[in-house]
Structures are given as C-alpha cells and as structure tokens.
Amino acid sequence: MFRGLQSLCRVNFDNVRQRVSAFSATARTCRVQVPVFPAARDVCSNRHITTSHHRRKPESSISCWQCGDEIGLPIPIRCPCSKKVIQPVDPNADAFTIMSMPRSFTVDLKALQESYRTLQRILHPDNFAHSGTDREKMLADDQSSSVNEANQTLKDPLKRGLHMLETQGRAVTEESAVDDMEFLMEIMEVNESIEHLTGSEQHEEMKELMAQIKGASESYIQDAEAAFSAGDLDAAFAAIVRLRYYDNCKRKLHDASPLVR
C-alpha cells in the first residue's frame, strides 16, 4: 500500500521478522480508551463501577425511586409520571440504548447529534437549580456523563466497533493482535515514516502520510461495516483490530505535528 514496501521486503527476512515481532508486542500495549457500557454507577460514591459483576437480575420492571410507580425496562432517563423525575443510569444499557439509536455500525451522525442535544437539554443543571432534590441533581449529573460517554463512543468508528464487539462477547483486548506479517510490515513502515518526519519541517510529506493513513483506515471501516451488517463477527473483529493499528498511527502522527489532521 505504501511506497517503499517492496524495497523493505528485500532486506534480510530474519531481521525483518525480529523487528516486526518487537513492534507487534509494543503495539498490543497501545489502547483506545472506550467507556465500558452499560455504565453502572455507585449511587453512594457517585463513581463508575465495573459492570460485568454488577448486572441486575432479570426483571420486567422497576419502581421510581420517588413516586413508586413501576417503570419498564430499559430504565428511561425520566419517570413517565407527571413529575418526570430523573432516574438512575440503567446498569444494563449500552451506548445505543442510551442514545436511542439503532444498534448498527452504520450510524446517522445527524440523528445522533439531535438525540444528544435533546438529552442534554433534559439533563441541564438549570432544570434542577430550584425544583430538584439533591438526589435528582446527582442522578442528572450521572445521566449527563453517561450520555456524553455514549455519544463519544458512537461518533467514532473505532470506539463504536470496539463497543459492538464487546457487547456481543468478542471484546478486543490488549492481547488482540494481527498475525499477518505483510500487514505488520506495512504498519512498521508507517511508524518509521512518522519517526523520520518527527521534528522536521516537511509539512507536505506529513499531510501526504496522514492522507494515506486515513485512506487505509477508511478501507477497514468499510470492511467492518460490511462484516457487522452480515453478522460476521470474525471479520468484524479482524477489521476493527487492523483499524486500531492505523488509529494508533494517526494519533502518533498528530502528536508529532498537531497541525496535521
């Protein structure tokens, strides 16, 4: 994909394999921080807690903490009663549920933005400045943080893909790597190009490299979209892992030259 790859292949292959092996081990430590959904919160400490061991038991409904009315699941942000009291964050809600978006890798970003604005208007602190209880103010803050995290997750293709894989039992971990030697050599060349350009004034070359990285990223986004649509989690997993490598390259180049996007 990148110029110079063929010449790189002509060098001693054992040496290349050693370098790729070292690079692969390093790459596994590079992580994209994705909020864990559902985002359960400890009401007493107002802190996130790990959800895998704190899922609620199967229920058909719960009761509003203030009026006592039964509320269906998933837990809505507000009680359906006339007072519209803010409820605790649903510990089983994923990002799609929180944002009221279809569970699909293909996301309507305009609809997502509209949903985000609607939810944040509901949860704005001014709405509870005079009428809300201390608990409702705290719950509104919890819900607002949950909405922010869900919105950021769904806006970004990599975070979205990681989230979808995690919620379907195929989480990408630190140990998830690519065994494709050709792909790893390609990534190694990109990283070497970034290191070569770091600290230089070769802005045009940096822009060209960023364009190549984005082009490669877009191809894996398309692969992931097709795989998720077909229900092929193995292919989706492979595409997202490769996309993560390129996302790390993009971040590294941006850190080297913040003006290059």
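This is a predicted model: local features need pLDDT of at least 70, side-chain atom pairs count only at pLDDT 80 or more; totals for chains, interfaces and linings use all residues.
**Entry 1: Arg103 and Asp94.** I started with Arg103, which makes a salt bridge to Asp94, with the closest N and O atoms 2.7 Å apart. I'm calling it a salt bridge when a side-chain nitrogen of Lys or Arg is within 4 Å of a carboxyl oxygen of Asp or Glu. Residues are numbered from 1 along each chain as its sequence is written, and side-chain values use heavy atoms, with hydrogens and water left out.

I then looked up accessibility for the pair. Arg103 counts as exposed because its relative accessibility is 51%, while Asp94 is buried at 9%. (Buried is under 20% relative accessible area, exposed is over 50%, partly exposed is in between, with a 1.4 Å probe and protein chains only.)

**Entry 2: other salt bridges.** Searching the whole structure gave me five salt bridges. One of them joins Asp234 to Arg170, closest N and O atoms 2.6 Å apart. Asp234 sits in helix α9 and Arg170 in the loop between α6 and α7, so this pair ties together parts 64 residues apart in sequence. (Helices here are DSSP runs of H or I, at least four residues, numbered from the N terminus.) Asp234 is exposed at 53%; Arg170 is partly exposed at 27%.

I also found Asp180 and Arg242 meeting in a salt bridge at 3.8 Å, N to O. That one links the loop between α6 and α7, which holds Asp180, to helix α9, which holds Arg242, 62 residues apart. Asp180 is partly exposed at 32%, and Arg242 is buried at 18%.

**Entry 3: helix α7.** Asp180 turned up again: it caps the N-terminal end of α7, with a side-chain oxygen 3.0 Å from the backbone nitrogen of Glu182. I checked the length of α7 (residues 181-197) too: its 17 residues should span 24 Å at 1.5 Å a residue, and the end C-alpha atoms are 24 Å apart, so the two agree. (The expected span is 1.5 Å times one less than the number of residues.) Buried residues in α7 include Phe183, Met188 and Leu197. After the helix comes Gly199, with a positive phi near 85°.

**Entry 4: cores.** The largest nonpolar core has 52 residues, and Met99, Phe183 and Tyr246 are among those with the most contacts inside it. (A core is a set of buried Ala, Val, Leu, Ile, Met, Phe, Trp, Tyr and Cys residues joined through side-chain atoms within 4.5 Å.) A second, separate core of seven residues includes Ile62 and Cys79.

Notes:
Helices (H or I, at least four residues) and strands (E, at least two) are DSSP runs, numbered from the N terminus. A polar contact is a pair of N or O atoms within 3.5 Å; within protein, one must be able to donate a hydrogen and the other to accept it, and residues adjacent in sequence count only if both atoms are side-chain atoms.
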